[in-house]
Amino acid sequence: LVAAACGMAAMWGMRRSRGGERGKQPSGSKKVAFVHPDLGIGGAERLVVDAAVGLQNKGHSVVMYTSHHDKNHCFQETRDGTLNVEVFGDFLPRHLLGRFHILFATLRGIYLAIVILLTQSHYDVIIVDQLSVPVPILLATGSKIVFYCHFPDLKLSGRRSLMKSLYRLPFDWLEEFTTLLAHRILVNSKYTAQVFHETFASAKISPEVLYPSINLKSYERNESGTSTRSEEAGDLLKTLRDFTCFVSINRFERKKNIDLAVKAFARLKRDQPKDEFGKLRLIIAGGYDPRVTENVEYKRELEGLSKSLAVSDQIIFKASFSDEERSLMLSHCFAVIYTPSNEHFGIVPIEAMYSQRPVLACNSGGPTESVLHEKTGLLCEATEEDFASGMNRMLKDRSWAREMGANGRKRVQENFSLDAFSQRLHEIIRSL
């Protein structure tokens, strides 16, 4: 906070000298910056990357700022030159002995914002997401600030002890204070909008719902079969073709409840003949960062769970898959299992539906707004019994499962395309 105050104070002495840096933009276009904490692989990262590409395609000048960007663990558009990515503050630690993550995330966010303030050119609009602490510092640039709230962080963090609750108090206050300073606030679903109002009681404005989207072109299936594949992708494709595969795509985090998919898959043994069950596979894929203790621990726990349930030989773990592998899984699997409860939105069901795969998701949160029950997938209670029952229903009536997949593609084209998302964001940017 002291660093933030110093940064804002320094800014006032630089405003005039920076005024000439705006430069001329084509009529109707604006200079836009995105500020995101960690450009890894995840739903939030997919959203901001697609948003940046969409605005760039609309003629805006776009730069992405982040504290961390590993070119071996990121989306292709951030490493192939499609987007201009600037990294500041990666030398700062993420934690101390596995603790104080929010403290160091706050410090990294403050440092990133100060660097933008003091050393970067002026932007007409700055879009901040996930971490709101940069907002007051970035306001000092004179730019219009849009904050995209995926979900209030204070609702995501645990309060397992009095000490943890006391430790979180200043950060919870800071989150509310800094979030509400933005000129416009966007959320990813009606569910998140409801939670936003319940969480930030002092809010005088209502957030606007802007559903995430996917870039349909990047999910088109390769029908020719002539593309060059990596050895890993080739092995994955063989598995997808040789077996009936359910796929779970989530970061390796406990809140994603991936163990529900493992338990439901194991329970299928009760409903399927032994030889038929032997033809099934569960692929557990997702963002995995060896620097993140929870990722390492949870993957190990899931592997142990699969062994204890005697299904380890039929469960395949795919950590930090490539874009090619993602496309193969979505286009060749039988169905996609999405296990988080009360998920704020969830981009994976959208990806699955566009790839014409039926979805099994929890009957709570964002998926209730994206998945149509028994039309594009099944909304299940968050129990292994209900998920296993849904998986069994699809296996018994595969033509119905294919029909739901086809319906899903139409729904995404009509409601969750990047063009629709980009156009709405473009209108918001131009109105500021």
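Leaving aside neighbours within four places in sequence, Phe246 is in contact with Leu268, Arg281, Leu282, Ile283, Phe334, Ala335, Ile337, Leu360, Met391 and Leu395, where contact means heavy atoms within 4.5 Å. The structure is a predicted model, in which local features need pLDDT of at least 70 and side-chain atom pairs count only at pLDDT 80 or more, while totals for chains, interfaces and linings use all residues. Residues are numbered from 1 along each chain as its sequence is written, and side-chain values use heavy atoms, with hydrogens and water left out.

Phe246 also belongs to the largest nonpolar core, which has 35 residues; Phe246, Phe265, Leu282 and Leu360 touch the most other members. A nonpolar core is a set of buried Ala, Val, Leu, Ile, Met, Phe, Trp, Tyr and Cys residues joined through side-chain atoms within 4.5 Å. Buried means under 20% relative accessible area, exposed over 50%, and partly exposed in between, with a 1.4 Å probe and protein chains only. Helix α10 (259-271) is among the elements that give two or more residues to this core, and α10 supplies its largest share, seven residues. In soluble globular proteins, nonpolar side chains tend to be buried together.

The strands come next. Helices (H or I, at least four residues) and strands (E, at least two) are DSSP runs, numbered from the N terminus. Six strands form an open sheet in the order β10-β9-β8-β11-β12-β13, with parallel pairing; two strands pair if DSSP finds at least two bridges between them. β10 (315-319) and β13 are the edge strands, each pairing on one side only. Within the sheet, strand β8 (residues 244-249) is joined to β9 by six bridges, and Ile249 has Ala285 in β9 as its bridge partner.

Strand β12 (residues 359-362) is covered on both faces: Val359 and Ala361 on one side, and Leu360 and Cys362 on the other, are all buried. Three bridges link β12 to the parallel strand β11 (residues 335-338), and Val336 has Val359 in β12 as its partner. On the β13 side, four bridges pair β12 with strand β13 (residues 377-380), where Gly377 stands opposite Val359.

Elsewhere, two helices pack together. Helix α3 (residues 43-57) and helix α18 (residues 418-431) meet at an angle of about 70°, with their axes 9 Å apart. Axes are lines fitted to C-alpha atoms, for helices over the stretch in contact, and angles run from 0 to 180 degrees between N-to-C directions. The angle therefore makes α3 roughly perpendicular to α18, a term that covers 65 to 115 degrees.

Technical notes. Parallel < 35°, antiparallel > 145°, perpendicular 65-115°, else oblique.
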